[in-house]
Amino acid sequence: MLTVIRTDASVFIGSGHVMRCITIAKELQRNGVVVKFWMGLLEGNLIEYVKKEGFEVLQTPIYADMYIIDHYTLNIEWEKEIRRFAKKVMVIDDLGRDHDCDILLDQNVIPQYDIRYEGKVPAHCITLLGPKYLIIRDEFLQQRQHLRPRGINIDRLLIFMGGSDPTNETMKILSALESHSFAHVDVVVGNSNPVKEQIERICMMKKYNFHCQINYMAQLMQLADFAIGAGGSTLWERCYLGLPSSSTIVADNQREITTYAGQLGVTLNLGWHEQVTAGTYRNLLKNIHIEGMSEKELELTAKKQPNAWLHEILELIK
């Protein structure tokens, strides 16, 4: 069986789509499915990273048993066209759009998420919706088995604003940190961050721990007392490990999800990035309220079967 995953990463798109697709690809590969990626030659594309993870990368379509599409700019018309090359089509979405697919996965928690795609997909389409179907990497599954109690004291801070950080939140946070002191600070960036060298220099000067394009994020989240992050897929990873955090909305697709997560009490929603300044982060660090947040996060993401989407995909293509 052959599956082609159509996704992209770039300085502007970020790395989240590719990272969660790698998780899916590895699970399929373990179950005997040959997986190839189809990615564009964009600036900050992570193609070499995908190859190092053991997957061939294409630039043109080929015939396959299934296409998995995780891409905001590819719409229902594109999905109809790709059926010429695919026996089955799967879509991963966060936006509640119309799709022509056989299986749809949207892991996000929003009001009435369970009916979000009614009338927007074919009648035969299998819909996998909500936190039961979180896409969780192995490292997070392992760390979930070894959770530590979290108090209200914050000695260790984790900063990760996405692989590319297109709105340059990390630099705002580093500016805010000049007014605060923590025993341990971890700063994580991706290869596609355009100012990563500057961030590294600041970390060296301030004796912060700098990490670039890592595969041990779950370990850092387990060790941290609080995280400053974005409202993308890493929001659910933080929740999965019960890590209290703030979330800045850095893209339109994060608005509804982050707003609702804030209302549920599983993150401190700082709002839209254009209104979030170094002063905003400075005020956050001055008075962080996290009591009860970890417990709410763990309750929201509790499920009996990790990566429950895998069985559904395998059933469809076998």
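Which helix gives the most to the lining of the second largest pocket? Helix 1 does, with six residues. Keep in mind that this is a predicted model, where local features need pLDDT of at least 70, side-chain atom pairs count only at pLDDT 80 or more, and totals for chains, interfaces and linings use all residues. Residues are numbered from 1 along each chain as its sequence is written, and side-chain values use heavy atoms, with hydrogens and water left out.

**Salt bridges**

- Side chains of opposite charge can pair when their charged atoms come close.
- Here, a salt bridge is a side-chain nitrogen of Lys or Arg within 4 Å of a carboxyl oxygen of Asp or Glu, and the count comes to 23.
- E48 pairs up with K51, with the closest N and O atoms 3.7 Å apart. Both sit in helix 2 (residues 47-52), three residues apart, or about one turn of the helix. (Helices are DSSP runs of H or I with at least four residues, strands are E runs of at least two, and both are numbered from the N terminus.)
- E48 has 49% relative accessibility, so it counts as partly exposed; the cut-offs are under 20% relative accessible area for buried, over 50% for exposed, and partly exposed in between, using a 1.4 Å probe and protein chains only. K51, at 42%, is also partly exposed.
- R83 and D102 meet in a salt bridge at 3.1 Å, N to O. R83 is in the loop between helix 3 (76-82) and strand 5 (86-92), and D102 is in the loop between strand 5 and strand 6 (103-106), so the pair ties together parts that are 19 residues apart in sequence.
- R83 counts as partly exposed at 25% relative accessibility, while D102 counts as buried at 6%.
- R116 and D106 form another salt bridge, with their closest N and O atoms 2.7 Å apart. This pair links distant parts of the chain, 10 residues apart: R116 is in the loop between strand 6 and strand 7 (126-129), and D106 is in strand 6. Both residues are buried.
- R20, D70 and D94 are joined in a network of salt bridges.

**Pockets**

- On a 1 Å grid over the protein atoms alone, a pocket is an open set of points with protein on both sides within 12 Å along at least five of seven lines, a cavity is a set where a 1.4 Å probe fits but cannot get out, and lining residues have an atom within 4 Å of a point.
- The largest pocket holds about 880 Å³ of space; a volume is the space filled by probe spheres set on the points, which are joined across faces, edges and corners.
- It has 47 lining residues, and G14, S15, G16, H17 and S233 are the closest to its centre.
- Helix 1 (16-30), strand 9 (184-189) and helix 8 (233-240) each give two or more residues to that lining.
- The second largest pocket has a volume of about 240 Å³. Of its 13 lining residues, I22, K26, E53, R137 and E139 lie nearest the centre.
- By class, the lining of the second largest pocket has four nonpolar, two polar and seven charged residues. (Ala, Val, Leu, Ile, Met, Phe, Trp, Tyr, Cys and Pro count as nonpolar, Asp, Glu, Lys and Arg as charged, and the others, Gly among them, as polar.)

**Cavity**

- There is one cavity of 30 Å³ or more, and the largest cavity has a volume of about 50 Å³.
- Residues lining the largest cavity include L158, F160, M217 and R238.
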